[in-house]
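Please look through the sequence and the model below before reading on.

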Amino acid sequence: MSRKKASQITQVLKSQQRAKEAFSVVPRLTTRRYALIALILCLIIVACTNTYQSSPSPLNKLSSETTDLRIWWDKGFTQEEDEALKQLVSEWEKQTGNKIKLSLYSTDELTRKIQREIQAGNLPDIVTSYTADRELIPRLSWEGKLADVSDIIEPLKSFYPEKILKTVHFYNNVTQKQSYYALPMSQATIHIFYWRDLLRQIGRKESDVPKDWDGFWEFWKKIQDDLRTKEIPNKKQNIYGLGFTFGISSADTYYLFEQILEAYDVQILDAMDKLLLDDPKVRQGIINSLKWYTNFYQQGYVPPDAVNWLNPDNNRSLLNQSVVMTPNNSLSIPAAVRQNLDKYYQKLGILEFPNKPNGLPMRYLITVKQVFLFADSKKQKLAKEFLAYLIQPKVMGNYLKASGGRHLPVLTSAWEDPFWKDSKDPYLSTAVKIFLNRETRPFDFVQNPAYRLGWFLAVLETITKRCAVKTAKTAYLWARFSFFYWSFRYLYLF
């Protein structure tokens, strides 16, 4: 190993250590001065770390010379989802005579792996990740690291709703123009899942759940109190009413808090996609939403370990009946119990969000699962052939159905399939009703990549104020939730 290479690695290790030390001061932040100092330190450390570029290795060269098309994909939440993907890949291989090397990773693992391999230069040809639409694609498009896929979208453009196309239309700072840098495959939104049988134990039913904002959330607090105090056979002493996520690495934390902002009509961007964080009304709306969200944790209606939850943990907590209800951004929870007909149709339930605090119906935020192709792929022509096959209405429709309907179609023609019109399925029928009959919109990061930086500054100010008046325990919670979550998301990804 050359001295230069050894020196570079040493610098990276030291940078990582300095980053760890910088973040360790967060629980003690009590003033804006200290918070801003920590921000500056983190920016310097990340900037220094990103200067390291690994030199090509024999392994990298070998992987680029393979004739197989390399695809990285999120591992499904159910076995049938993985089997559906493998079947799709197998059919393409039979039709074309080409080969695909398919690698499946958990959502958390895949995001970290892509970040590492961007530095190492050992990237696959195609990637699909549940978090890519907000964590990867906007930034990589800006940096010119993704292939333009307009030629694949154009033949099907009339079948995509405009708001879906908007989620994959990004600015490339290298070419100085906007284009399509990913392909929409499916969509999802937040639903509320709960245990009907737990409500029945205390004499409640779905029709008892209030439709107004405050009444709805107070209902679940009362359910927790009743389940813990009433004489119920085999009752769980530590059950919690609300499965809210507070983990810094959980996408559900992000999705739910954004939906809360929508409920309170907190508009972060104006009609020209400019940040509105200097507007006192907007800043106060953010502060009020943070207070509303964290109060449930402080009052003891959310599991204490929710601050450490990863992406699957709110699912697990509900399925284990550690919580009575949880919001979740797909139909993965009912998909997990689909084979148990009693649980699927009788014990588990789904609800729409209550009306907003102002009494108007909720507008739902949607996520769009996307597949993208790296610009440096040595097999772009072959990769685009596969992508063109993948998003054909029939191919993608069959895949989504075989996956159990965890995500829903984005192509308008797909809704004519009888599978999506099954009124007897409580989960599919509720999701379809939201997408076809309710007002929806994409998340704001689609419109403005600087959105994350604005978030960081707004929440940072909120935490410094709150930490000055709260107990040490509460201050630490605010630090974990606000500083780490928002600043890490900005600093690490941008």
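Where is Q321 found? Q321 lies in the loop between α14 (313-319) and β9, where the names of helices (H or I, at least four residues) and strands (E, at least two) refer to DSSP runs numbered from the N terminus. Its phi is near 60 degrees, a positive value in a residue other than glycine. Because its relative accessibility is 17%, Q321 counts as buried; the term buried stands for under 20% relative accessible area, exposed for over 50%, and partly exposed for what lies in between, with a 1.4 Å probe and protein chains only. Another residue with a positive phi that is not a glycine is Q176, at about 65 degrees, and Q176 is found in the loop between β4 (169-172) and β5 (177-180).

The model is predicted, and for that reason local features need pLDDT of at least 70 and side-chain atom pairs count only at pLDDT 80 or more, while totals for chains, interfaces and linings use all residues. Residues are numbered from 1 along each chain as its sequence is written, and side-chain values use heavy atoms, with hydrogens and water left out.

**The chain as a whole**

The protein chain has 21 helices and 13 strands, and 54% of its 494 residues count as buried. Among contacts between residues at least 6 apart in sequence, 77% join residues at least 24 apart, where a contact means heavy atoms within 4.5 Å.

**Strand β6 and its partners**

Strand β6 (residues 183-189) is mostly covered, since seven of its seven residues are buried. Two strands are said to pair if DSSP finds at least two bridges between them. With strand β11 (residues 364-373), β6 runs antiparallel and is joined by six bridges, and P184 stands opposite Q370 in β11. With strand β12 (residues 408-409), β6 pairs in the antiparallel sense over two bridges, and there the bridge partner of Q187 is L408.

The C-alpha atoms of S186 and L408 are separated by 5.4 Å, although the two residues are 222 residues apart along the chain. Leaving aside its neighbours within four places in sequence, S186 is in contact with several residues, among them T367, V368, K369, H407 and L408.

**An open sheet of four strands**

Elsewhere, four strands form an open sheet in the order β8-β9-β7-β10, with mixed pairing. The strands β8 (240-242) and β10 (348-351) stand at the edges and each has a single partner strand, so one side of each is left without a neighbour in the sheet. From one strand to the next, the twist averages 25 degrees. Strand β8 runs parallel to strand β9 (residues 323-328), and two bridges join them; in β9, M325 is the bridge partner of L242.

**Two pairs of helices**

Two packed helices are described by the angle between their axes and the distance between the axes. Here the axes are lines fitted to C-alpha atoms, for helices over the stretch in contact, and the angles run from 0 to 180 degrees between N-to-C directions.

| Helix pair | Axis distance | Angle |
|---|---|---|
| α12 (residues 251-263) and α13 (residues 280-298) | within 10 Å | roughly 125 degrees |
| α4 (residues 79-96) and α17 (residues 380-390) | 11 Å | about 120 degrees |

Because of its angle, the pair α4 and α17 is oblique, and α12 and α13 are therefore oblique to each other as well; angles under 35 degrees count as roughly parallel, over 145 as roughly antiparallel, 65 to 115 as roughly perpendicular and the rest as oblique.

Which residues make the contact between α12 and α13? On the α12 side they are T253, L256, F257, I260 and L261, and on the α13 side they are G285, I286, S289, L290, W292 and Y293. By class, this contact has eight nonpolar, three polar and no charged residues, with Ala, Val, Leu, Ile, Met, Phe, Trp, Tyr, Cys and Pro counted as nonpolar, Asp, Glu, Lys and Arg as charged, and the others, Gly among them, as polar.

In the other pair, L88, E91, W92 and Q95 of α4 meet L382, E385, F386, Y389 and L390 of α17. The contact of α4 with α17 has six nonpolar, one polar and two charged residues.
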